[in-house]
Amino acid sequence: MSDEYCCQFYASVEELNLINLSIRWNAESYEVTFFYDINRSGEPVRRGHNKDYNNMDSPLYRHDILNETIFSLRLGQYGRVIWNERKRSCDTGECYYQLHVVNLLHSTGEMPEQDIFLSGVPDFEYKQTAVLY
């Protein structure tokens with residue numbers, strides 16, 4: 001593997017603890033959901049359709065935030081999620097900006113091409129970018 005970039009691998013989806021992303025097995029694919037994480041996300045607050053608004057068992061029950069299924073990955077497919085945010089430093093109070101890019105591959109079990117995320121075209125791409133002023 002090249003020193004230019006680094007990939008993280010996890011044995012199961014349950015081990016992931018991603019900000020703004022939820023990944024769940026759903027019959028034949030992994031359902032990927034983008035949601036605004038009230039406790040860990042920066043600004044601006046993402047509002048929109050909340051698929052769990054009326055689900056009393058969901059931690060997002062009755063919250064006016066974005067919570068939507070963005071794609072489902074079948075075996076051999078990969079998707080990319082891009083979003084940005086503005087955060088404030090606890091020490092200085094100054095704002096800083098982050099751009100997040102998360103690549104997800106539903107692996108066939110074989111080693112993927114070394115640069116699949118750099119040179120390959122994703123099967124799905126979701127962007128949730130906002131004007132950060």
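This is a predicted model: local features need pLDDT of at least 70, side-chain atom pairs count only at pLDDT 80 or more; totals for chains, interfaces and linings use all residues.
**Entry 1: strand E4**

Residues are numbered from 1 along each chain as its sequence is written, and side-chain values use heavy atoms, with hydrogens and water left out.

Nine of the eleven residues of E4 are buried, so the rest of the structure largely encloses this strand. I took buried as under 20% relative accessible area, exposed as over 50%, and partly exposed as in between (1.4 Å probe, protein chains only). Strands (E, at least two residues) and helices (H or I, at least four) are DSSP runs, numbered from the N terminus.

**Entry 2: neighbours of E4**

Which strands does E4 pair with? I counted two strands as paired if DSSP finds at least two bridges between them. Eleven bridges join E4 to strand E5 (residues 95–105), and the two run antiparallel. I looked up Gly79 and found Leu104 as its bridge partner in E5. The hairpin of E4 and E5 has six residues between the strands, and Gly93 takes a positive phi near 80° there.

E4 is also joined to E6, by five bridges, and these two run parallel. Here I noted that Trp83 has Gln128 in E6 as its bridge partner.

**Entry 3: aromatic rings**

Next I turned to the rings. Rings of Phe, Tyr and Trp (its six-membered ring) pair if their centres lie within 6.5 Å; planes under 30 degrees apart count as stacked, over 60 as edge-to-face and the rest as tilted. The structure holds five aromatic pairs.

One of them is Phe34 with Trp83, edge-to-face at 5.6 Å centre to centre with 70° between the planes. Phe34 lies in strand E2 (residues 29–35) and Trp83 in strand E4 (residues 78–88), so this pair ties together parts 49 residues apart in sequence.

Are these two residues buried or exposed? Phe34 is buried at 0% relative accessibility, and Trp83 is buried too, at 3%.

Phe34 also pairs with Tyr126, and this pair is tilted: 5.5 Å centre to centre, 45° between the planes.
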